Each structure stands twice: as structure tokens, then as C-alpha cells.
Amino acid sequence: MPVRMTAPVTVSPNTIEYREFDMPKIGPRDALVRMKLAGVCGTDVHLFHGDWNPAYPLIQGHEIFGEVVEVGSEAAIKHNVKPGDLVNAEVLIPCNDCYFCERGDYARCVKVELFGNISCARPPHLWGGFGPYLYIPYNTRLHKFPMDVIPEAAVLIEPLGTAIRACKRSDVSIGTSTVIIGPGPIGLVSVVAAKAYGASPVILLGTREDRLAVGKQLGADYIVKIDSRTAREEVAERVRECVNDHALLAEVVLEAAGTVEAQKMGLGLLRPTGVMTIMGATGMGKTVQVDTYYELLLGEQRVQGSNLSGWA
Ligand SMILES: [Zn+2]
Ligand SMILES: [Zn+2]
């Protein structure tokens, strides 16, 4: 095991420097993971550019796939891992102590911290998946993979968890007509999750032909290409055709584009009692008008968010 290591550190907007760190000392409650693969999330791009108030200097990266190389005695029991095991660490590091943690909804932890967004000035420094090693504090949710897992699939577990949480929160089940807006990584894994829950039809909307084609391969029943000039009524008409259920619109809309335009469009694709779940991040201060009388009261529609990948 090396004594020191080098990791890429985002020190200010658009600037990454390589810096040296000591390897951490692993106590009874800690573990150390050697990174094998880390995904690059849209959030990483925002943090790199300086959006959302990053805690620079940062070792970024929260889509994690690696190998346990060291584990303390208490941590070994808690996580049920030993050196050599292949693992994912969930992005969220909850406090395990607040109101939400106590009732099991640790994704809502009021003191939550996130891998890839903790200043690496804080010991033991290795808080991000883009470094060669990742420090695992006791409250981490560590998940073990089978030894023959495909690394490129394993590293997608975090975005897939985000999609699973959104499907659960939207009550997606067998036969739920589901529109997914935005064929980026989150939209595409949402296709996989919705199909796994039995959703039908799954209709993927987006502007990029190549991404829509991937969505089709992943199981979307329909792909609908739109662009900035496509009228909302036209999209709604197309969704009605695909749903093919008494001329109704969709029961669930998963908004994975992260734009107010997509959110406005999504509201217009819901049937009465439908639910729109916002998964895409628009950033602070954006607003979308909702007709609270017609859509929410008379239509009994729901609009909600689903954030990250903790158990729903
Ligand atoms: Zn992410
Ligand atoms: Zn908590």
C-alpha cells in the first residue's frame, strides 16, 4: 500500500490541480476503498463550473465502484465486507441521528453530507470518487456486488437508484402509463427502472435522436422526438396515442431534463389523478405556474420531487 497518493482536486471554478495526500489511517469504524470506476454526473459538471456553491477544494465524484482494501473491525461487521470485496458507497452520508434518519428516510437527513462535495481540506481528505482511494466513514451505506459484476454496469447503480426512488415515489407499477422527459443518463436509467416495475407504455421524450435510440434499446415502448418548436398540444396528442386508453394522458411523468420548459410540458401530459415527479435539477429560483384549482383540486394531480438515491 502506498504511503501517499495523488488525486485531482477542483480548487476553483474550471480548475483542477493534482495534489498529494497522505493515505488515511483506518480506525475500527472506517474503511478504505480503491476506486475502480467513477461516473461523471451532471452535478459534477455544475460543481466543476462553480455552480451550487461548491465546498472547494474538492475531490469530486459520487458515482462509485471500487474494491475494499482496508476495513476496521466495527466497520467490517456493520457493512459486512472484507478486503477484496467489490462495493458501491451511496452518495449520501447521513447523520443517523436526526428525525428523518430515525424513521429510516435518511435521504432527507438534515445534516447529510455527500461524497464528492466535501472539502478535501478536511481530514482524512479522500472524500471523492475521482481520487484513487475513497475514505469510508461509518455512516456510509456500503453495498456489496457479486465478484463477476460488469464494472461499467456497477458504476451506474447510483443513477439507477435515483430512478428507482422516483418510480417508488410515483407509485409506478404494472401497467402504469409513464412518460419520461429527457433521455440523458437519468432519463435512460429511468426507462430501465420503470420497465422493471412493469410500467406500460413507457414513452421517452427528448430532442436528441441518438439518445432516444438508446432509450428504445433499453426498453422504451415509444420514443418521441421533440424540439423547441414542437407545440405542447402536439406532444400531448402523441402521448394520448401511445397511452391508447380512453384518450387519456399519462398516469406518471418523470421529468429528467432539469428545465422549466420540460416541467411545464410535463404538467400538460398528465391525466387527472396523475403525478409528475421532478428528478432534474434546474437550480435555485426557477418557478413553474400550476393551476391549483383545475389541475390540483379538481384534477387531483400531484407534483413532487424525488432527490438522489436513498431508499424511498
Ligand atoms: Zn449524481
Ligand atoms: Zn440525519
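How many nonpolar, polar and charged residues are in the lining of the second largest pocket? The model is predicted, with local features requiring pLDDT of at least 70 and side-chain atom pairs pLDDT 80 or more, whereas totals for chains, interfaces and linings use all residues. Residues are numbered from 1 along each chain as written, chains are lettered from A and ligands numbered from 1 in the order written, and side-chain values use heavy atoms, without hydrogens or water.

By class, this lining has eight nonpolar, four polar and five charged residues (nonpolar: Ala, Val, Leu, Ile, Met, Phe, Trp, Tyr, Cys and Pro; charged: Asp, Glu, Lys and Arg; polar: the others, Gly among them). The pocket volume is about 310 Å³. A pocket is an open set of points, on a 1 Å grid over the protein atoms alone, where a 1.4 Å probe fits, with protein on both sides within 12 Å along at least five of seven lines; lining residues have an atom within 4 Å of a point. The volume is the space filled by probe spheres set on the points, which are joined across faces, edges and corners. Leu267, Gly268, Tyr294, Glu295 and Gln301 are the closest of the 17 lining residues to the pocket centre.

The zinc ion (ligand 1) has Cys41 (SG) and His62 (NE2) as protein donors, at 2.1 to 2.3 Å (donors: N, O and S atoms within 2.8 Å of the metal, or 3.2 Å for Na, K and Ca; water is not among the atoms, so sites may look incomplete). Cys41 is buried, at 16% relative accessible area, and His62 is buried at 6% (buried: under 20%, 1.4 Å probe, protein chains only).

Key
Buried < 20%, exposed > 50% of the residue type's maximum accessible area, 1.4 Å probe, protein only.
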